Amino acid sequence: MLWSCACVIPLLTLYLMGNMGPMSGVLHALPDDACSFNLTLRNFQPILSWEVKNRSIVPTHYTLSYTYMSKGEDMKTVPSCTNITRPSCDLTHEWGSTAEMYVTRVVGLRGDTELVSCSGTIFPDTDMSLEPPDFQIVGFVDHINVMLKFPPTLPKVPDEEGLWRYLSLVIEEVSGGIVKQHNLKINENTVGDFTYVINKLIPNTNYCVSVYFEPMDLRTINRSPLKCTHLQPEQGSDF
């Protein structure tokens, strides 16, 4: 889900002009939508990635900074994403609220020369792509164990709730063209190797399962591939 910050340029430019400090003169000479941004929640880690639209501009390293739109504070450089060679940044220990609007700035350099400076706003509640967790299934006679792989602990930023706080995992059960949904609310206890049991199934029947995190916009659902199993027949059955 790539998105451009062109729609927020007037407000964002005014904000940056008052908060960027001595380097802001460089930013004003370049378009604010020089990059596309993509925020993905992967294994409960928010990963921000970016792509410079002008393919002739090839920085060798990047520095990411951000601030909160609601607080009006100075931009903060992310220590773990300073002079990095990859066009992405793990913000697990920086961003923890889906209700906050984050103002971001990426500077791309080659050596000591600044090649590009991109800015944008990110609202995780609507802009964040939700990758489904890893899972496996095991079929029995009348139930399926859905074994989900979650982190040992869920990340949390001090004074913030965590980007996972309001997530709901949907487990879809598919058989004979009929789809049933099972909802699992994510909380502090849904960690590690977590098993969800789908009960009251028909023996000797094919079932498939997929999982996804329910997004704000249902048009952006990111389902996992289906995993299928044939349930065992009942004991003593001729089939």
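This is a stop-by-stop tour of the structure, with something to select at each stop.

**Before you click**

You're looking at a predicted model, so local features need pLDDT of at least 70 and side-chain atom pairs count only at pLDDT 80 or more, while totals for chains, interfaces and linings use all residues. Residue numbers start from 1 along each chain as its sequence is written, and side-chain values use heavy atoms, with hydrogens and water left out.

**Stop 1: a pair of phenylalanines**

Select Phe44 and Phe150 and show their side chains. A pair of aromatic rings is described by the distance of the centres and the angle of the planes. Here the centres are 5.6 Å apart and the planes stand at 75°, so the pair is edge-to-face. The rule covers rings of Phe, Tyr and Trp (its six-membered ring): they pair if their centres lie within 6.5 Å, and planes under 30 degrees apart count as stacked, over 60 as edge-to-face and the rest as tilted.

Phe44 sits in the loop between β1 (35-42) and β2 (45-52), and Phe150 in the loop between β10 (144-149) and β11 (168-175), so the pair ties together parts that are 106 residues apart in sequence. Strand and helix names follow DSSP runs, numbered from the N terminus (helices are H or I, at least four residues; strands are E, at least two).

Phe44 is buried, at 6% relative accessible area, and Phe150 is buried too, at 4%. Buried means under 20% relative accessible area, exposed over 50%, and partly exposed in between (1.4 Å probe, protein chains only).

**Stop 2: a stacked pair**

Next, pick Trp95 and Tyr102. Their ring centres are 4.1 Å apart and their planes at 10°, so this pair is stacked. Trp95 is buried, with a relative accessible area of 2%, and Tyr102 is buried at 0%. The count of aromatic pairs comes to nine.

**Stop 3: charges over rings**

Select Lys71 and Tyr68: the charged end of Lys71 sits over the Tyr68 ring, 4.2 Å from its centre. Then try Lys227, whose charged end is over the ring of Phe135, 4.6 Å from the centre. For this, NZ of Lys or CZ of Arg has to be within 6 Å of the ring centre and within 35 degrees of the ring normal.

**Stop 4: the mixed sheet**

Switch to cartoon view and find the open sheet of four strands, in the order β5-β2-β1-β8, with mixed pairing. Strands of a sheet pair through backbone hydrogen bonds, either parallel or antiparallel. Two strands count as paired if DSSP finds at least two bridges between them. At the edges stand β5 (88-90) and β8 (128-130), each with a single partner strand, so one side of each is left without a neighbour in the sheet.

Zoom in on β2 and β5, which pair in the antiparallel sense over three bridges. Leu48 stands opposite Cys89 in β5.

**Stop 5: the antiparallel sheet**

There's another open sheet of four strands to find, ordered β4-β3-β6-β7, and its pairing is antiparallel. Its edge strands are β4 and β7 (113-122), each pairing on one side only. Follow β6 (residues 102-110) next to β7: nine bridges join these antiparallel strands. Click Val106, and you'll find its bridge partner in β7 is Cys118.

**Stop 6: two asparagines**

Select Asn43, which has a positive phi of about 55° although it is not a glycine. Asn43 lies in the loop between β1 and β2 and is partly exposed, with a relative accessible area of 46%. Asn83 also has a positive phi of about 55°, and its place is in strand β4 (residues 76-84).

**Stop 7: an exposed aspartate**

Go to Asp159, in the loop between β10 and β11. Is Asp159 buried or exposed? Asp159 is exposed, with a relative accessible area of 83%. The C-alpha atoms of Asp159 and Gly96 are separated by 8.5 Å, with the two residues 63 apart along the chain.
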